[in-house]
Amino acid sequence: MNRYFFYLIATNMLVNVIVWVPKILLAERFDGAVMAIPIGVLIGTIFLFLFVPAINKFPNLGIPEILEQTPGLFRFSFLFLFSVMWFLAGVITLLSFVDHLVEFVNPEMPSLALVILFLFLVIIVLRYSDASKLLYALEILLVLNVPLILIIMYQAYTNEYLTMDSIFEVGTHLFEIPSWSAISSVTYIFSGYANMVIFNRVFNKKISMKLLAVIPFVAIGNLLTSFFIPIGLWGADGVGELAYPWTSTADTLSIEYGPVERVITVFILLYVSITTMSILIHWYVALEMIKSMFNIKRAGRIKKFVTNWAALLSFGIASIILETMTTNKSIGQLSEIWLDIRFPFEAVLVVFMFFLARRKKA
């Protein structure tokens, strides 16, 4: 089962190339974003190496089961707050990506209709899926998509218009003090491991600590690529004018002898599937936390049915309301605010799991 843990982290890393992290870092490229990368990687690595040994102490248990011995009010409040955080992760991903599709595929396309279409797909899949099925689907998706993503990265690195002078210019700002937002966005690259608070239910073996050492290096490669490639292709100043840094960057690339010449076509198709999978994972975690709040495992058939559909429809209604209330600019602001809040929430989760594991050992 070890590979599925790494799939969760890989999905989180890949989806952030198009959704949040590059946009925030590039906006602060002269104001500490470069220093934020090593600091964020260090913090993310510490969180990872604290969380994984802790969750290993609870095989086949998710956070709802781990908290069963705690006071009822504490358990309910904990699960409610973190279910909201996971729901927001999914809905912000959904709104951001729909905004990308409208901008690059068809500006005349009504974004609300696209959101409703995605919601219908996601809600139906969540209603009739479980953790194992989602992980199997994630494996198939990554096996099919990652080779194509690597080809796109190769095209970016070998592009004749990639200017190293622009990259070096931004690199000279290494010692600028990073902002909280920049560090928060970098640490989110690692945050796929946090989905184990629910998916650990299907893990009957401990996650290998030796293999964890690979993750920080992959994260650094992901961050440096998503940050510096747009700078090299658009210039240190020009990249700041882009509303969608990596989608615009993909639009400049082409594969001369490929079956599809314009990389943007392949890029969007790849990220439709990856983004949808990311939303499914986040909302599955949120849904399972909500169901656990009401002890649905011990409930009758009717209560299970009603709770499932009530939670899923609430996700859909809240998403539609947010879509009608937000613009491209406000989605970006909401994403940044959520990342800033998520950082301390994640720290609390990691520390809490660490102390629970120590207490169990004792």
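**Pockets, cavities and salt bridges**

Tutor: The residues that line the second largest pocket divide into 12 nonpolar, seven polar and five charged; here Ala, Val, Leu, Ile, Met, Phe, Trp, Tyr, Cys and Pro count as nonpolar, Asp, Glu, Lys and Arg as charged, and the others, Gly among them, as polar. This is a predicted model, in which local features need pLDDT of at least 70 and side-chain atom pairs count only at pLDDT 80 or more, while totals for chains, interfaces and linings use all residues. Residues are numbered from 1 along each chain as its sequence is written, and side-chain values use heavy atoms, with hydrogens and water left out.

Student: How is a pocket found, and what volume does the second largest pocket have?

Tutor: Rolling a probe the size of a water molecule over the atoms shows where empty space is left. On a 1 Å grid over the protein atoms alone, a cavity is a set of points where a 1.4 Å probe fits but cannot get out, and a pocket is an open set with protein on both sides within 12 Å along at least five of seven lines; lining residues have an atom within 4 Å of a point. Grid points are joined across faces, edges and corners, and a volume is the space filled by probe spheres set on the points. The second largest pocket has a volume of about 410 Å³. Its lining has 24 residues, and Val19, Lys23, Ala243, Asn328 and Gly332 lie nearest its centre.

Student: Which residues lie nearest the centre of the largest pocket?

Tutor: They are Ala10, Met13, Leu14, Val218 and Asn222, among 24 lining residues. Two or more residues of the lining come from each of α1 (2-18), α7 (131-157) and α12 (214-234). The volume of the largest pocket is about 550 Å³, and its lining has 20 nonpolar, four polar and no charged residues.

Student: How many cavities of 30 Å³ or more does the structure hold?

Tutor: There are two. The largest cavity has a volume of about 170 Å³. Of its 16 lining residues, Trp86, Ala194, Trp338, Arg342 and Glu346 are the closest to its centre. The second largest cavity has a volume of about 40 Å³, and its lining includes Ile55, Met196 and Lys206.

Student: What should I look for in a salt bridge?

Tutor: Side chains of opposite charge can pair when their charged atoms come close. The criterion is a side-chain nitrogen of Lys or Arg within 4 Å of a carboxyl oxygen of Asp or Glu. Five salt bridges are found in the whole structure. In one of them, Arg3 pairs with Glu139, with the closest N and O atoms 2.7 Å apart. This pair links helix α1 to helix α7, across 136 residues.

Student: Is Glu288 buried or exposed?

Tutor: Glu288 has a relative accessible area of 9%, so it is buried (buried means under 20%, exposed over 50%, partly exposed in between; 1.4 Å probe, protein chains only). Glu288 forms a salt bridge with Arg201 at 2.7 Å, N to O, and another with Lys291 at 2.9 Å. Glu65, Arg201, Glu288 and Lys291 are linked in a network of salt bridges.

Definitions and conventions:
Helices (H or I, at least four residues) and strands (E, at least two) are DSSP runs, numbered from the N terminus.
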